[in-house]
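Reader: I have a structure to read. Where do I start?

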Amino acid sequence: MHLADLIGMGCGLLAALFVASGVPKIRRPFELAIALVRFGIVRRVRPGLGRLLGTVEVAVGLAVALSPVLFPVSIAALLLLVAFTAVVVRSLAAGQSVECACFGTGERTSMATVIRNLVLIGVALFVAFAPGVPTIDQRISGILAGTLLTCGYLLISSLAVLKPFSAQLDGQGR
């Protein structure tokens with residue numbers, strides 16, 4: 001495996017995660033609008049702001065996947081990730097666990113959210129500063145790998161929220 005393969009995988013992971021995060025915000029902007037109020041970023045619920053943020057995420061994801069020049073688009077991804085992480089850390093430091101609408105799954109913020117974002121910040125830094133640009137084949141392979149990882153993450157995240165396999169031992173159903 002060459003360095004350009006790893007860069008392609010980093011691009012694919014960032015692209016898949018940003019698109020997977022942005023699309024639900026475009027489709028259901030109200031959930032993010034409520035989260036922005038809970039995080040203390042705005043005072044009123046503004047669905048248009050939720051849709052705008054979702055659109056920015058999808059645009060950044062597509063740009064990371066398709067741009068021939070990686071530095072500016074990976075820096076855009078990095079800035080978004082740093083901003084998201086700062087908001088979550090501030091919320092956790094205040095003792096709040098907010099339903100973040102991160103991927104439209106009802107996920108609540110926790111240290112796991114911070115760790116996930118720190119890993120993604122590392123990926124964005126690697127893509128921004130790695131010497132080399134992946135070929136189209138390496139980008140396609142990276143997008144496939146990133147999509148697979150993203151789907152796995154979303155499946156686990158959704159199962160953690162929905163708890164479909166939990167059992168009630170006291171005889172009462174849900």
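Author: Start with burial. Buried means under 20% relative accessible area, exposed means over 50%, and partly exposed lies in between (1.4 Å probe, protein chains only). Ala-16 has 13% relative accessibility, so Ala-16 counts as buried. This is a predicted model: local features need pLDDT of at least 70, side-chain atom pairs count only at pLDDT 80 or more, and totals for chains, interfaces and linings use all residues. Residues are numbered from 1 along each chain as its sequence is written, and side-chain values use heavy atoms, without hydrogens and water.

Reader: Which helix holds Ala-16?

Author: Helices are DSSP runs (H or I, at least four residues), numbered from the N terminus. Ala-16 sits in helix H1, residues 3-27.

Reader: Which residues does Ala-16 touch?

Author: Contact means heavy atoms within 4.5 Å. Leaving out residues up to four places away in sequence, Ala-16 touches Gly-146, Thr-147 and Thr-150. Ile-143 is 127 residues from Ala-16 along the chain, yet their C-alpha atoms are 6.9 Å apart.

Reader: How many disulfides does the structure hold?

Author: A disulfide is a covalent bond between the sulfur atoms of two cysteines. Here the test is a pair of cysteine sulfur atoms within 2.5 Å. The structure holds one. It links Cys-100 and Cys-102, S to S 2.1 Å. The torsion about their S-S bond is about -130°, so this disulfide is left-handed. Both Cys-100 and Cys-102 are buried.

Reader: Are Cys-11 and Cys-151 buried or partly exposed?

Author: Cys-11 has 1% relative accessibility, so Cys-11 counts as buried. Cys-151, at 46%, counts as partly exposed.

Key
Helix = DSSP H or I, 4+ residues; strand = E, 2+ residues; numbered from the N terminus.
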